[in-house]
Amino acid sequence: MPPTPRTRCSPARRALSSIAPTIDPIERRRAHATMLYRLSVSRESRRSTIPPFYVMDVWKAAAQRARSHGDVLVLAAGQPSTPAPVPVLRATKAAIDAELLGYTETFGILPLREAIAEHHRDTYGYPVDADDVVVTTGSSGAFTLIFLAAFDVGDTVVVARPGYPAYRNCLAALGCRVVELDCGAETRFQPTVAMLEALPQPPAGLVVASPANPTGTMIDPAELAAVARWCEAHGTLLISDEIYHGITYAGASAGTSSAWETSRESVVIGSVSKYFSMTGWRLGWMLAPSALRPALQRLASNMTVCPPAISQYAALHAFGAEAKTELDGHVQRYATNRRLLLEGLPELGITDLAPADGAFYAYADIGHLTDDSRKWCSEVLDHTGVALAPGVDFDTVSGHRKVRFSFAGATADIEDALVRLRHYLCD
Ligand SMILES: Cc1ncc(COP(=O)(O)O)c(C=O)c1O
């Protein structure tokens, strides 16, 4: 929702008028400055009153329990339990000795942009070069940047529900009107052209994610192509979150496809966080249409100057064969974990699961157990030490009866979590 206009006299104005007009003009100016400073440090903007990430409450409680009991199994975090691949770690150590590690070009160092372009050419077969690539501070940085570059206050931007909450919350903070498409199991929790056609008018933007968080479901390539064509024809900017590419499973209904296979007017978002096992390195990228690059350059140079230099030099080595072998090994582990959960949860009576085509999440309906998923997750943590993510982060309507299990961790942890949940739910 866009921020509502201020109707009352602003606190700054009220405070300034309270300064006695009779005092010395220099003193009065100084008092003004002090007052404004105090107000600016104490006053929250309306745009900042977006919902928090509720899962952070679980993380906090899990950290407390880890200190008091030492038995926590974290299935709440959307991050691999493995470090960056060995060639990246090697290159990091070398970069510390060999590179200045000062500011870089705003869009990222050329060799990294070339490596990312090559990665897209090799994976999807479409033409792309270094100039198409904008390296950012995580994909989170890419989202804020493209939202600012492409949308104005009041613009309508469409997202899927359930979906990754930061799209909706950041767009709201920027004053956009967020419209959620209710995406159910019948469309694999993904938006379709039919849903877009049913909107009263074409939106300024659409965000899609495949594989998605929290469901792990994927868009059929033909549907993604149709969505991309619809967006191009209707002047809607398609933003395709492809950060879970590389993490898909045998038997997934659809293959992986990228929005740039159909439309170079769309924005493709990537990240080293998920497949590349580098969440904390805060490095992402986008393939951006040429018309938006001047705006992206102006905004990015002002907001962050450049993405972290050390991560850029390191990430250069994430795309080679040696790293890929290691990373594909992680995907095999996720596949084992996924099988364990998809077989084990129904045995606990949790049978309504989204089809996890990719990513590392199992999204379940637990409406038969609770209508308050935050409370339920907190009780599960208290009784079992298993930390789970409540659905309220991802779904503003039905999230109170949903829970997300992340299986990005160690297989032994998934096995142990299933045993503990069995005792809690079935004994
Ligand atoms: C769908 C999706 N997009 C974007 C992000 C942000 O990732 P990062 O900023 O680490 O690239 C996440 C993080 O969990 C996610 O699940």
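How many Å separate the centres of domain 1 and domain 2, taken over C-alpha atoms? The separation is 26 Å. The model is a predicted one: local features need pLDDT of at least 70, side-chain atom pairs count only at pLDDT 80 or more, and totals for chains, interfaces and linings use all residues. Residue numbers start from 1 along each chain as its sequence is written.

Domain 1 comprises residues 55-83 + 323-426, and domain 2 comprises 102-320. These bounds come from an automatic or database domain assignment. Across the boundary, 28 residues of domain 1 are in contact with 31 residues of domain 2. Contact here requires C-beta atoms, placed from the backbone, to lie within 7 Å. On the side of domain 1 that touches domain 2, α12 (321-347) and β9 each supply at least two residues. Helix and strand labels follow DSSP runs (H or I, at least four residues, for helices; E, at least two, for strands), numbered from the N terminus. With eight residues, α12 gives the most to this side of domain 1. By class, the side holds 16 nonpolar, six polar and six charged residues. Ala, Val, Leu, Ile, Met, Phe, Trp, Tyr, Cys and Pro count as nonpolar; Asp, Glu, Lys and Arg count as charged; the others, Gly among them, count as polar.

Strand β9 also belongs to an open sheet of three strands, ordered β9-β12-β11, with antiparallel pairing. Its edge strands are β9 (361-365) and β11 (389-390), each of which pairs on one side only. Pairing requires at least two DSSP bridges between two strands. Two bridges join β11 to β12 (residues 402-406) in the antiparallel sense. Pro390 stands opposite Val403 of β12.

The contact involves Ser140, Phe143, Thr144 and Phe147 of α6, and Ala166, Tyr167, Cys170 and Leu171 of α7. Six of these residues are nonpolar, two are polar and none is charged.

Notes
Two residues are in contact if their C-beta atoms, placed from the backbone, lie within 7 Å.
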